[in-house]
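Subject: Structure for you to look at

Dear colleague,

Please find the structure below. My notes on the ligand site follow it.

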Amino acid sequence: MSQRPIIALDFPSKEAVEVFLLKFPSEESLFVKVGMELFYQEGPEIVRWLKSLGHSVFLDLKLHDIPNTVERAMTGLAKLGVDITNVHAAGGIKMMKAAKEGLKKGTVAGQDVPILIAVTQLTSTSETEMHQDQLIDVSLKESVTHYAACAEKAGLDGVVCSALEAKDIHQATSEAFVCLTPGIRPSGSAVGDQQRVVTPSEARKIGATFIVVGRPITQADRPYEAYQTIKQEWNGES
Ligand code: C5P
């Protein structure tokens, strides 16, 4: 079965999402990402609504708190029926294990436990900033692969990462470890504020498991056509 790129719904309101989704055939089941902007505005109802339309949801809230709090929050997110969600690996192995436990507790009987992934170092963090602000002395690459190994040890399914980090992460963990990668741009499109971008087919070749695509679809003149082109490229069909 062909795989769907995850569309980042970086919109400020449900109304804006509705306008965007009208550009897709109503029977098309999408995989969408809901981030902090939309979630904090619209609340859990936005996830219930997207699920009721038949879409899969990656809820990108990057939890980071004490294990007990994260566990309870994750129980609630699993009840919403999210398909993928995430935490910061900097919260530690105990916190990540608690997150997984919380998801298991909240998953409705007969449904799959949501895929849980960790953010390692934010791609907006430079090596210099990591040294200065976090007092982490190793290279950025070492920090990223170390956090990925911690996530694997905690029983998580994978990490959010740049496609360019996927090879090192797979070496530090396993080939099956999920690498969910933003920073995707189809050949010839605007890069925007992303620094290190790869095309959907490059992402596939270097080991990405999921790709997240925002503006190349949301800002396109014809979003559905842009989506189909990216989906074909991601699935090696073009
Ligand atoms: O519009 P664009 O394709 O750049 O959107 C990428 C999406 O992935 C945005 O929602 C952005 O916040 C998110 N993201 C990212 N880089 C990360 C983590 C998340 O671009 N390291």
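Which residues does the unreviewed UniProt entry list for "active site"? The entry lists Asp60, Lys62 and Asp65; positions are in the numbering used here, feature names are shortened, and annotations may be inferred rather than shown by experiment. From this set, Asp60 and Lys62 belong to the lining of the largest pocket. On a 1 Å grid over the protein atoms alone, a pocket is an open set of points where a 1.4 Å probe fits, with protein on both sides within 12 Å along at least five of seven lines, and lining residues have an atom within 4 Å of a point. Asp60 is in strand 3 (residues 56-63); strands (E, at least two residues) and helices (H or I, at least four) are DSSP runs, numbered from the N terminus.

The model is predicted: local features need pLDDT of at least 70, side-chain atom pairs count only at pLDDT 80 or more, and totals for chains, interfaces and linings use all residues. Residues are numbered from 1 along each chain as its sequence is written, and side-chain values use heavy atoms, with hydrogens and water left out.

The ligand sits in the largest pocket (more than half of its atoms lie within 2 Å of the grid points). Strand 8 (210-213) and helix 10 (215-218) each supply at least two residues of the shell around the ligand.

Ligand oxygen atoms lie 2.7 Å from a side-chain N or O atom of Asp10, 2.8 Å from one of Arg185 and 2.7 Å from a backbone N or O atom of Arg215.

Regards

How values were computed
A polar contact is a pair of N or O atoms within 3.5 Å; within protein, one must be able to donate a hydrogen and the other to accept it, and residues adjacent in sequence count only if both atoms are side-chain atoms.
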